[in-house]
Amino acid sequence: MGATKTGAGRRRTVPWLVLGLWIAVLAIASPFAAKLGDVQRDRAVDYLPASADSTQAAKIQERLPGGEATEMVLVYHRDGGLTAADRKTAAGQIAEIAGAHELAGRPQGIPSEDGATLMYPVASTEPGTDEKARDALVNDVRDVARGSGGLGVEVGGPGALATDSAEVYNSLDGPLLYTTAAVVALLLILIYRSPFLWLVPLAVAGMADYLSMGVAYGLNQWFGTAVSGQSSGIMTILVFGVGTDYALLLVSRYREELRRVERPYDAMLAALRGCGPAVLASSGTVAAGLLCLLAADLNSSRGMGPLGTVGVLCALAAMLTLLPALLVLLGRRVFWPLVPRHGSTPKARRSLFAAMGSSAERRPRTVLVGGAVLLGALALGTFALPGNLKQEDSFTTRPEAIAAMETLAEAYPERGSQPITVIAPTGRAQDALAAIRDTRGVDSAEAGRSGGGWTELTVLASTPPQSAAETATIEELRDKLDGSYVGGPSAQQIDLEDTNARDTAIVVPIVLLSVLLILAVLLRSLVAPLILVAAVVAVWGAALGIGGLVFEPLFGFEGTDPGLGLLSFVFLVALGVDYGIFLMHRMREEALNGAGPTEAALSALRTTGGVIASAGLVLAATFAVLTSMPMVQLVELGFVIAVGVLLDTFLVRTYLVTSASVALRRRVWWPGRLSRESGRPAAGEVREPLGV
């Protein structure tokens, strides 16, 4: 009797204790979560490693008298030619701006050859490195620089572009969260066919996201982890996508156990014992894959590793503690109208995945070859990927700074409109100035501020920003000017591309090796991990290939983000292997319980296929949310990962991995003991299948 009372008491108190603990944790995290946006940095120089030439130039600029300069270009334009009144208006506005703010030098107007455009380069050290002060300065300048009566006025330049970029990134958090939550809610309603059940995992995912924001802020404060708009957005996507996947697996198993076990508390314990190990293994693999980004030199990529891991682990903690507690407290009625009654059996339905498994069983080699050919053909589309993304092409909308750059490019086709900054030792500044003026592609060069042993030289190229000719000029300047640093927006883009290429060469092998080692330990095999990794690499190539076929012709994108290849690889490998673990782990358990190789493969597909398909749809949909964002790099990343997850879910995981397992039979578990013996349990030994 005492034991019975103790058990009943535990069933009542444990869920409430878990709920209370989560409320306390969220209360502690709340002040920190609210500050995450304050430490978000999205300048190109914040993404770059400290060793980059352009980073060194920016750091020295900050220490020069007045600090970092905010550079803008005011562009006055009238179709058919500027009038005398237009020039007077422009001069008056420039004088008003100079009277209200501390400008570096006296801005001089530079007319275009056709007389239709007049540009005024303007620089101020007033804001320094304070991004809010920079934005205020840019907005004040825009308030003054107004056109009328057919006179167009646009404020562009690096400072204005940074302000527009910050505005876009700061506007992402709300729409990204709401859109993701709405997409997940819709899919959960369709999957669960219940007016209430979908609310529970969605609310838990929201709490996990809030916790992850607090932890991410802590990482930034304690370890200096870089936080960008991209990495914080991806963290939210991972919390909702991966967290919902884990919820689907748990709820599916819990529903099964409620038919077998009378009390919800006991049914939940059985469900956690059944699917918990697989969820822990898969989340650990995803986290390990993401942490490999710590080997990257690019700050934005290196910061995304810990933030992505935080998202996955917070989702895991919430779905294995808070979600079970809420489901137990709500009882069976949360499943209404499809309430799983104790002792009932679900209606037998023809399984799509059973039919797919049958076709894989009949012709496994044909399916394998056909799938490999299809993925290979799709991967050829990578050759159609557009070149590297330029700054003016990085928005899906057209902010004012981009409009100004386009106007300048048309009006001054043979002149640079974006300064190149050279930081030279003061003792060699005049020699550096002479060498710069003697460099091919340089239009003009002037000495600027000096301090701390360094002198700032401002260079204008004779070619458009980020063109091949300007890139050649910057590289020649770096070769010529020993001991000097060449920076500025165009130089930063070059360093971004070079660093991304270096990071890809280093991180990709580390990810592959780490994932292979983890899978070998989990599955006690070498062949099965190789199959899973080869499959997800093929998916990555095919998804990138599809991107190459649609980015320019369909979306109108003029370039590809330099980090797309690396980031999409890490996410698709980590998340693809995640689903592979669910399938292969179940297959291994079936084999350990005595099933033959073919029977184990088909049974694993039949029992996990539906849940994995639902999870894949949710994860793909959450990443697809990024395609509605106004940044091209986010759209491209979201598209490639969403397409890759769908390919992995409905082609690779269902057909190709199952077919490979059927074709290889016991050899798929080599060199483990399952490759040599039946795996049938000894007399009296019963192994519980690892259900998902």
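This is a predicted model: local features need pLDDT of at least 70, side-chain atom pairs count only at pLDDT 80 or more; totals for chains, interfaces and linings use all residues.
A residue counts as buried when its relative accessible area is under 20%, as exposed when that area is over 50%, and as partly exposed in between. Gln466, with a relative accessible area of 12%, is therefore buried.

The overall form of the chain comes first. The chain has 21 helices and eight strands. Its C-alpha atoms fill a box of roughly 95 × 55 × 50 Å, taken along the principal axes. A compact globule of 692 residues would have a radius of gyration near 26 Å, and the chain, with 29 Å, agrees with that expectation. Of the 692 residues, 57% count as buried. Among contacts between residues at least 6 apart in sequence, 81% join residues at least 24 apart.

From the surface the description turns to the interior. In soluble globular proteins, nonpolar side chains tend to be buried together. In this model, the largest nonpolar core has 179 residues, of which Leu74, Tyr76 and Phe623 touch the most other members. Helix 19, covering residues 564–592, gives the most to this core, with 19 residues. A second, separate core of 17 residues includes Ile420, Val422, Leu433 and Ile436. Within the largest core, Leu74 is one of the residues that touch the most other members. Setting aside residues up to four places away in sequence, the contacts of Leu74 include Ile94, Ile97, Leu118, Met119 and Tyr120. Val122, Val141, Ala145, Glu154 and Val155 are also among the residues that Leu74 touches.

Two individual residues illustrate opposite surroundings. Ser283 is located in helix 10, which spans residues 264–291. This serine counts as buried because its relative accessibility is 1%. Apart from residues up to four places away in sequence, Ser283 touches Tyr246, Val312, Leu316 and Asp578. Asp79, by contrast, is found in the loop between strand 1 (70–77) and helix 4 (84–100). With a relative accessibility of 67%, Asp79 counts as exposed.

Gly66 and Ser450 are both partly exposed. Gly66 belongs to the loop between helix 3 (53–63) and strand 1, and its relative accessible area is 46%. Thr125 is 59 residues away from Gly66 in sequence, but their C-alpha atoms are 5.1 Å apart in space. Leaving aside neighbours within four places in sequence, Gly66 is in contact with Thr125 and Arg449. Ser450 is part of strand 6, residues 442–451, and has a relative accessibility of 39%. Beyond residues up to four places away in sequence, Ser450 touches Leu64, Pro65 and Thr455. The C-alpha atoms of Ser450 and Ala429, which are 21 residues apart along the chain, are separated by 9.6 Å.

The backbone itself deserves attention in several places. Most residues other than glycine have a negative phi, and most peptide bonds are trans. A cis peptide bond joins Trp336 and Pro337, with omega about 10°. Pro337 lies in the loop between helix 11 (299–330) and helix 12 (352–362). Another cis bond runs from Trp670 to Pro671, where omega is near 0°. Pro671 is placed in the segment after helix 21 (632–664).

Positive phi values occur at two further residues. In Gln466, a residue other than glycine, phi is near 60°. This residue, with which the description began, is in the loop between strand 7 (454–461) and helix 16 (468–480). Arg665 likewise has a positive phi, near 55°, and is found in the segment after helix 21. Arg665 counts as partly exposed because its relative accessibility is 43%, whereas Gln466 is buried.

Methods. Residues are numbered from 1 along each chain as its sequence is written. Side-chain values use heavy atoms; hydrogens and water are left out. A nonpolar core is a set of buried Ala, Val, Leu, Ile, Met, Phe, Trp, Tyr and Cys residues joined through side-chain atoms within 4.5 Å. Buried means under 20% relative accessible area, exposed over 50%, partly exposed in between (1.4 Å probe, protein chains only). Helices (H or I, at least four residues) and strands (E, at least two) are DSSP runs, numbered from the N terminus. Contact means heavy atoms within 4.5 Å. The radius of gyration is taken over C-alpha atoms; the globule rule is 2.2 Å times the number of residues to the power 0.38.
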